[in-house]
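Trainee: I have a structure to look through with you. Could we go over some of its details together?

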Amino acid sequence: MEKKPLIKPRTMSAVKDFVCVVPALIFLVVFTYYPICKLVQISFTDWNLINETWKYVGLKNWIWLFNGSGTKYLLNSLKVTAIYTVGELSITLIGGMALALIFNRFNRAFSIMRAVVFVPKYVAMSSAAVVFLWILDKEHGIVNYLFSLVGLPAVDWIGSRGTAMISVLLLTGWRAVGYGMMIYLSAMISISSDYYEAAALDGASAAQRFFKITLPMLSPTTLFLFVTTFLSSMKVFQSVDILTGGGPYRSTEVFVYKIYSYAMVDFRMDRASVMAIAFFILLLVVTASTFKVSNKNVHYDS
Amino acid sequence: MAKAKTAREARLERDRNARRKKKIVMIVQYVLAVTVTVIILFPLYWMISSSFKSQEEILLPIPTLWPKEFHPENYISVFRRGNFAKYYYNTIVMTVGILVSQIVTGIFGAYGFSKGAFKGQNACFIFVLGALMIPSQVTFIPIYIMCANWGLSDTFLGLILPSLVSPYYIFMLRQTFKAIDDSYVDAAKVDGLGRVGIITKILAPMCRSTLFTVTLVTFTNGWNSYFWPKIIAKNEKRRVLTIGLAMLKNTFAGQGTMNNHEIMAGAVVAILPVVILFFIFQKYMLTGYSKAAMK
């Protein structure tokens, strides 16, 4: 008589397959989903790292953030983050597209130059940041020296309210523009030359070809870059932390920097949590709306 | 007869014009490309050239493009006074730890989600994708409290723990594994290969290039990570390069002098491994990000 296995082989196989994904699932529960729930809990307490105990305080922190002394910092961070995001989006999308058109030639010289333009992406932000601190130094920086050559006054790039954000954008733009170029170029290559040949027969000018063929055909790429850059630039932290520390006069105090400083400088976990939740919801709204817009306005080639 | 000739001449002239126009476009393209390349390269050039200058030289009113005399001792000073040897060690251990863990959990997870079959597979996968939407810049507060309670401040485990699994890595590999025909896996099963065998002998070799690319990106992200190390490892003991570099100014500030030559040396030292990797594996690293764009 045939011995019947205790567990059916098929079930056994399914169990083994499931075991493959278990470590990932456990991890995500502990380090991603649980923290989000915990965050909501903390936002209703007076948790800070200075006191030993904490208690529930109801909506106090929420009121503080949306209708209290925290509101002006929230609005400031929103404004600063929005300015930064617009700046970085312009650099990545417009700058990236412009570079893609310039570097759209395939020989050895251009491939080396493309690699050079892309390299900053792999230069650690902290290294890049200290280099920019040095280049933009008020007294000994090379930029101000070049300014003096053409008779312009020295600018306190990092230390003055008007230019601190420009400095941050110079730094992050330097790292991002080659990335934008690379993404656009790899998409441009895959546009079928049939379109351009047909357009040439019809006597289309270069500008017409760009606006009527290249740009529409690249719209999925533009969408991808837009969404990913939008989301990543809303999360900007490191460049601001090293370059300006949120200053001067909070002119570069972006969202994540503010959350960080509530938590790790003021030790106010409660306030940081409320701000973090607000930020998370903002990110979700942004993501949802970009996808909604994209469904209408993006052309997909077959 | 004469009419035909002029038509041919006209065509020739049109061709000549077109060729001339092409040539002008090419020259303009070259000029622009070289200009952009020089501008982008300049900060890196300036970093390296400043790192070899003496303190007097970086303070000159008219900056020198190339060091008048070389001072490699700036690099020694970074290791001696700046404690960079320790930062290096900490960064390597952290990066390797993150890398190994993400590769193992990533490959097995990707296998389970692509070639495996179990109830609730889709729900579990959506669970993983959902995690991509939750940024660490939000969750770091409870994670910090947890890790601090577990006594993980200023430890390697504390540095590595929140990065053990990467949903991004799982997602990328799952897409690649899915593209491989099931018949390979079935044939291997018939031959009596287990899951580990299927992964190491069939799937991993077939997806070598994606695996490689994603691993390089993971390495770079680990090496360059800043946010979490800044939070969990505040003391000298487990400080990593990125943090140490940003603090170099304060470390040397005791003298109250400009020490950008040494800071630049530190910056070079900190990025060296990744930049070397970039030039060796250029092909993979250039496609690394664009692959993600292709969906």
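**Cysteines, a helix pair and a glutamine**

Mentor: Please keep in mind that this is a predicted model. Let us start with Cys124(B), which counts as buried at 14% relative accessibility.

Trainee: How many disulfides are there over all chains?

Mentor: The search of the whole structure finds 0 disulfides.

Trainee: Changing topic: how do H7(A) and H10(A) cross?

Mentor: Their axes come within 10 Å and cross at roughly 155 degrees. The two helices are therefore roughly antiparallel to each other, since that term applies to angles over 145 degrees. The crossing of H7(A) past H10(A) is right-handed.

Trainee: Which residues meet there?

Mentor: From H7(A), Tyr179(A), Gly180(A), Ile183(A), Tyr184(A) and Ala187(A) meet Thr221(A), Thr222(A), Phe224(A), Leu225(A) and Thr228(A) of H10(A). The residues of this contact comprise 6 nonpolar, 4 polar and no charged.

Trainee: One last item: where is Gln121(B) placed?

Mentor: Gln121(B) lies in helix H5 of chain B, which covers residues 121-132. Gln121(B) counts as buried, with 17% relative accessibility.

Trainee: What does Gln121(B) touch, not counting residues up to four places away in sequence?

Mentor: Gln121(B) touches Gly112(B), Phe113(B), Ser114(B) and Gly116(B), with that exclusion applied.

Definitions and conventions:
Residues are numbered from 1 along each chain as its sequence is written. Chains are lettered from A and ligands numbered from 1 in the order in which they are written. This is a predicted model: local features need pLDDT of at least 70, side-chain atom pairs count only at pLDDT 80 or more; totals for chains, interfaces and linings use all residues. Side-chain values use heavy atoms; hydrogens and water are left out. Helices (H or I, at least four residues) and strands (E, at least two) are DSSP runs, numbered from the N terminus. Buried means under 20% relative accessible area, exposed over 50%, partly exposed in between (1.4 Å probe, protein chains only). Contact means heavy atoms within 4.5 Å. Axes are lines fitted to C-alpha atoms, for helices over the stretch in contact, and angles run from 0 to 180 degrees between N-to-C directions. Angles under 35 degrees count as roughly parallel, over 145 as roughly antiparallel, 65 to 115 as roughly perpendicular and the rest as oblique. A crossing is left-handed if the near helix is turned anticlockwise from the far one by less than a right angle, and right-handed if clockwise. Ala, Val, Leu, Ile, Met, Phe, Trp, Tyr, Cys and Pro count as nonpolar, Asp, Glu, Lys and Arg as charged, and the others, Gly among them, as polar. A disulfide is a pair of cysteine sulfur atoms within 2.5 Å.
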